[in-house]
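User: I am new to this structure and would like to learn how to read its features one at a time. Could you take me through them?

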Amino acid sequence: MSSAEHTPDTLLHRAQKKSEAKQEEQAHHESYTYANPVCVSTMPKESLPNHGLGNGKLVKQMIMDELLLDGNPRQNLASFVTTWMEPEAEELMIEGMKKNYIDFDEYPQTAEIHNRCVNMLCSLFNAPLKEEEEGTGTGTIGSSEAIMLAGLAMKWKWQQRRKSKDLSTDKPNLICGSNVQVCWHKMCRYFDIECREASVSPDCLVLTAERAKALIDENTIGVCAILGSTFNGQFENVKEIHDMVVELNNKNDWEIPIHVDAASGGFIAPFIHPELEWDFRLPMVKSINVSGHKFGLVYAGIGWVLFREKQDLPDELVFHVNYLGGDQASFTLNFSRGASGIVGQYYQFLRLGHSGYTQVMENGMKTAQYLRGIIKDIGMFDIVDTADMPLVAFSLKNTKYCTVFDLQDHLRGRGWIVPAYSCSKGAESLNIMRVVVKQNFTTDLADLLVRDLIAALHHFEQFPAHDSSTMKDKESAFTEANAKHKSEAATKKLWRDAVALLQRKNNHRTDDIKTHGVC
C-alpha cells in the first residue's frame with residue numbers, strides 16, 4: 001500500500017464514505033416501519049415530545065397498533081351509533097371536516113344544507129308549518145346537546161309564563177322516568193332544575209301517564225317522554241301522556257309542554273309505525289330531539305333539536321353575532337364545529353329518501369325478529385323488549401351457573417360487545433342484556449352471535465361462574481401483589497386496579513348511575 005493511501009485527506013475521505021454508506025444503509029432499513037428505533041422505545045404519553053418523529057407512515061402505524069385494542073365497531077352491539085356508511089358519504093364527510101360550519105358567511109351553502117335538513121325533519125315529524133314556512137331547529141353535536149337546548153327552552157318559557165302572572169320562578173322541575181339517559185340529569189343539574197323521576201317496574205320499564213301525573217305541579221317546566229328507551233327499546237305512550245297533560249293544563253290553567261326524546265326512535269317510528277301519534281301532531285309536543293348518528297345512519301357527531309313552531313323557542317336564547325363580517329343567528333352550546341355530520345345527514349336524506357329509510361328499518365326489524373326468535377328458542381332467556389325498534393333485550397331465567405354479566409365477559413373474548421346491566425330505579429332486580437340491530441348487523445352475524453352465546457352457556461354449565469371477585473379474594477390478591485411492589489405509587493395503583501376489577505365484575509350498574517356508554 002502506497003504512502004499516498006495513508007495521507008490525512010485520503011483517510012478522512014475513506015471514513016466519510018464508510019459513514020455515508022452506514023447512514024444510507026441505516027436509513028434504508030429504517031424506512032421499513034418495524035426496523036425503526038422508535039419501535040423499541042417508549043412513545044410519549046405525558047408531555048409533548050421535543051422533536052417529532054418526522055415519518056407520517058410510522059406515526060400512523062404506531063397509533064393504529066394501539067387502536068387495535070379497542071373493540072371492533074362491527075361487533076359493538078351495545079351502541080346505537082352508526083358504524084357503517086357508503087364510501088361516497090365518507091368522502092363528502094372528509095371534505096366537510098375542513099369547514100367550520102358555524103361560519104355562515106364563509107360557508108353559506110353548508111348553512112343552506114343545514115336548513116334543508118331542519119325543514120325535512122320538521123316535515124317528517126309533522127310540524128304545523130304553513131306553505132313555504134321555515135322549520136325551527138338546529139343541528140347539534142348529538143342528542144345530549146339537543147336535550148340541553150330543549151331544556152333551556154322549556155325553562156325560559158316557564159319563567160316567562162310565571163313572570164307574566166307575577167309568580168315565583170324559584171323551583172322549576174322536570175318530569176321523566178327513571179329510565180332516562182344520563183344527559184337529562186346533566187341538563188337538570190347544569191341549569192338548576194329539579195329532576196323528578198318516576199320509578200319503573202320489572203313488568204313496565206318506562207314512564208306512564210299515571211306515573212308522571214303524580215309528580216306534576218305548577219312548577220313543572222315540561223314532561224319528557226322517550227321514544228325508544230335505552231334499556232329495552234320500548235316506546236313510551238306519548239299520546240297517553242299528552243292527553244293526561246292536556247287534562248291537567250285545562251283543569252289548572254297551566255301550559256306544561258311535552259318534549260319527546262326521540263334520540264333512538266325518531267328515525268324509526270315515521271317509517272315503521274307511521275300511524276303512531278307521538279310527534280307534532282300532538283299539540284302539546286313542543287320540541288323533539290333526534291340523533292342523526294343513530295338510526296339517522298350517520299357517523300357519530302350529529303343530532304337535531306326541532307320545535308313545533310317558532311314561538312316555542314324563546315327569542316332570548318337566539319344570539320345574533322357579528323362575527324367575521326356578518327350577522328349570525330346562533331342557538332347552540334357549541335360554536336366551532338366541522339360540517340361533516342350535516343353533510344353526511346343530507347347525503348343520507350338524498351340517497352335513501354322515505355322509501356330507502358323504510359327499507360333499511362324494515363330489514364333491521366326483520367333481523368331483530370329473527371334474533372329474538374332464536375334467543376327465545378334457546379329456552380334459557382326471557383325476552384324483555386317490546387319489538388318497537390330493531391333491538392333485542394333479554395334476561396336469564398336461571399342464574400344457577402352464571403349471570404348476564406358473566407355472559408357479557410365471556411362473549412367479549414369472542415369480540416362481541418353485548419352490554420349487561422341492571423335496570424333503573426324500581427326495577428333494579430332485573431338484569432338484562434341488549435343487542436342493538438344496526439343496518440350492518442345481518443342474519444349471518446346473528447347466527448354467529450347466537451352460536452357464541454350458546455357456547456358460553458355450555459361453558460358455564462361445565463365450569464360454573466363462582467364469585468371469585470369477592471372482597472376477601474381481592475384483598476388476598478392485593479396483599480400478595482403488594483409484597484412485590486413496595487413503592488407507594490405502585491401500591492396505590494394496585495389498589496385502584498383491584499377496586500376497579502371488583503366494581504367491573506359486580507357493579508356493572510348501580511342504582512345511582514345512569515346509562516351512557518351503552519347508548
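User: How many of the residues of strand E4 (residues 220-226) are buried?

Analyst: Please keep in mind that this is a predicted model. A residue counts as buried when its relative accessible area is under 20%. In strand E4, seven of its seven residues are buried, and the strand is therefore described as mostly covered.

User: Which strands does E4 pair with, and in which sense do they run?

Analyst: Strand E2 (residues 173-177) is joined to E4 by three bridges, and these two strands run parallel. Strand E5 (residues 258-261) is also parallel to E4, with four bridges between them.

User: What covers the two faces of a strand, or rather, which residues of E2 lie on each side?

Analyst: The general idea is that in a regular strand the side chains alternate between the two faces of the sheet. In E2, Asn173, Ile175 and Gly177 are on one side, Leu174 and Cys176 are on the other, and all of them are buried. Counted along the strand, five of its five residues are buried.

User: Which other strand pairs with E2, and through which helix does the chain cross to that strand?

Analyst: E2 pairs with strand E3 (residues 194-198) in the parallel sense, over five bridges, and Leu174 has Cys195 as its bridge partner there. The chain goes from E2 through helix H6 (residues 182-190) to E3, and this β-α-β crossover is right-handed.

User: How many aromatic pairs does the structure hold, and how is one of them described?

Analyst: A pair of aromatic rings is described by the distance of the centres and the angle of the planes. The structure holds nine aromatic pairs. In one of them, the ring centres of Phe381 and Phe394 are 5.1 Å apart and the planes stand at 80°, so the pair is edge-to-face. Because Phe381 lies in strand E10 (residues 381-383) and Phe394 in strand E11 (residues 391-396), this pair ties together parts that are 13 residues apart in sequence. Phe381 counts as buried at 2% relative accessibility, and Phe394 counts as buried at 2% as well. Elsewhere, ring pairs link Phe267, Phe271, Phe349 and Tyr357 into a cluster.

User: What span should helix H2 (residues 56-67) have, and which residue caps its N-terminal end?

Analyst: With 12 residues at 1.5 Å a residue, H2 should span 16 Å, and its end C-alpha atoms are 16 Å apart, which agrees. The N-terminal end of H2 is capped by Asn55, where a side-chain oxygen lies 3.2 Å from the backbone nitrogen of Lys57.

How values were computed. Residues are numbered from 1 along each chain as its sequence is written. This is a predicted model: local features need pLDDT of at least 70, side-chain atom pairs count only at pLDDT 80 or more; totals for chains, interfaces and linings use all residues. Side-chain values use heavy atoms; hydrogens and water are left out. Buried means under 20% relative accessible area, exposed over 50%, partly exposed in between (1.4 Å probe, protein chains only). Two strands pair if DSSP finds at least two bridges between them. Rings of Phe, Tyr and Trp (its six-membered ring) pair if their centres lie within 6.5 Å; planes under 30 degrees apart count as stacked, over 60 as edge-to-face and the rest as tilted. The expected span of a helix is 1.5 Å times one less than its number of residues. A polar contact is a pair of N or O atoms within 3.5 Å; within protein, one must be able to donate a hydrogen and the other to accept it, and residues adjacent in sequence count only if both atoms are side-chain atoms. A crossover is right-handed if, with the strands pointing away from the viewer, the path from the first strand over the helix to the second runs clockwise.
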